[in-house]
Amino acid sequence: QVQLVESGGGLVHAGDSLTLSCAASRRTSDSDQVGWFRQAPGNVNEFVAGITWTGIISNYADSVKGRFTISRDSAKNMVYLQMNGLTPDDTAVYYCAYRPVLVNRWDYWGQGTQVTVSS
């Protein structure tokens with residue numbers, strides 16, 4: 001079992017930056033992946049970005065490329081999402097998820113953190 005706790009959400013203005021944090025209770029393998037997803041009201045859950053504990057980054061969603069950066073601090077079991085140039089379209093609940101390499105599916109999810117971007 002892996003518990004995930006997100007933090008860092010809030011209300012910001014368009015053009016602002018925000019950094020989300022995800023704290024994982026444990027790691028089962030350095031090849032496991034931690035990902036950020038987001039879901040806006042009425043929309044499907046959207047994959048934003050993912051990273052392994054060794055630092056391999058998966059593709060970013062096209063909608064965030066060049067603006068968002070995922071990173072990790074493996075020593076602290078922390079993953080971050082730096083979000084720059086926020087727009088109202090980025091408004092969503094952001095979730096941290098964990099994919100154990102041996103299972104290869106997003107098995108664990110955090111409770112989510114709300115990001116609201118005003119115009």
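A salt bridge here is a side-chain nitrogen of Lys or Arg within 4 Å of a carboxyl oxygen of Asp or Glu. I wrote that down first, then opened the model, which is a predicted one.

**Entry 1: salt bridges**

I looked up the salt bridges and found six in the structure. I started with Arg-38. I checked where the two sit: Arg-38 is in strand 4 (residues 33-39), while Asp-90 is in the loop between strand 7 (78-83) and strand 8. They are 52 residues apart, and I noted the pair as a link between distant parts of the chain.

Next I asked myself: is Asp-90 buried or exposed? Asp-90 has 1% relative accessibility, so I have it down as buried. Arg-38 comes out at 5%, and because buried means under 20%, Arg-38 counts as buried too.

Arg-38 has another partner, Glu-46, with the closest N and O atoms 2.7 Å apart. I looked up the cover on Glu-46 as well: a relative accessible area of 27%, so partly exposed.

Lys-65 is partly exposed at 45% relative accessibility, and Asp-62 is exposed at 65%. Going back to shared partners, I found that Arg-38, Glu-46, Arg-67 and Asp-90 are joined by salt bridges into one network.

**Entry 2: the disulfide**

How many disulfides does the structure hold? I found one. Cys-22 is joined to Cys-96, S to S 1.9 Å. I read off the angle about the S-S bond as -70 degrees, which makes the link of Cys-22 and Cys-96 left-handed. Cys-22 belongs to strand 3 (residues 18-24) and Cys-96 to strand 8 (residues 92-99), so this pair ties together parts that lie 74 residues apart in sequence. A reminder to myself: a disulfide is a covalent bond between the sulfur atoms of two cysteines.

I checked the accessibility of both ends. Cys-22 is buried at 1%, and Cys-96 is buried with a relative accessible area of 0%.

**Entry 3: aromatics**

I looked for ring pairs and got six. I picked out Phe-47 and Trp-106, whose centres are 6.3 Å apart with 40 degrees between the planes, and logged the pair as tilted. Why does this pair tie together parts 59 residues apart in sequence? Because Phe-47 lies in strand 5 (residues 46-52) and Trp-106 in the loop between strand 8 and strand 9 (108-109). Phe-47 has a relative accessible area of 26%, so I marked Phe-47 as partly exposed.

I also found that Phe-47 and Trp-106 belong to one aromatic cluster with Phe-37 and Trp-109.

Which charged end sits over the ring of Trp-53? That of Arg-27, at 5.4 Å from the ring centre.

**Entry 4: a surface patch**

Last, I looked over the surface. Val-101, Leu-102 and Val-103 form a nonpolar patch there, and together they have about 290 Å² of accessible area. I placed Leu-102 in the loop between strand 8 and strand 9. At 83% relative accessibility, Leu-102 goes down as exposed.

Key
Residues numbered from 1 in each chain as written. Predicted model: local features only at pLDDT ≥ 70, side-chain atom pairs only at ≥ 80, totals over all residues. Heavy atoms only, no water. Disulfide = S-S within 2.5 Å. Helix = DSSP H or I, 4+ residues; strand = E, 2+ residues; numbered from the N terminus. Buried < 20%, exposed > 50% of the residue type's maximum accessible area, 1.4 Å probe, protein only. Phe/Tyr/Trp six-rings, centres within 6.5 Å; stacked < 30°, edge-to-face > 60°. Lys NZ or Arg CZ within 6 Å of the ring centre and 35° of its normal. Patch = residues over 30% accessible without salt bridge, like charges linked within 9 Å, V, L, I, M, F, W, Y side chains within 5 Å. Areas by Shrake-Rupley, 256 points an atom, 1.4 Å probe, with all protein chains shown as cover.
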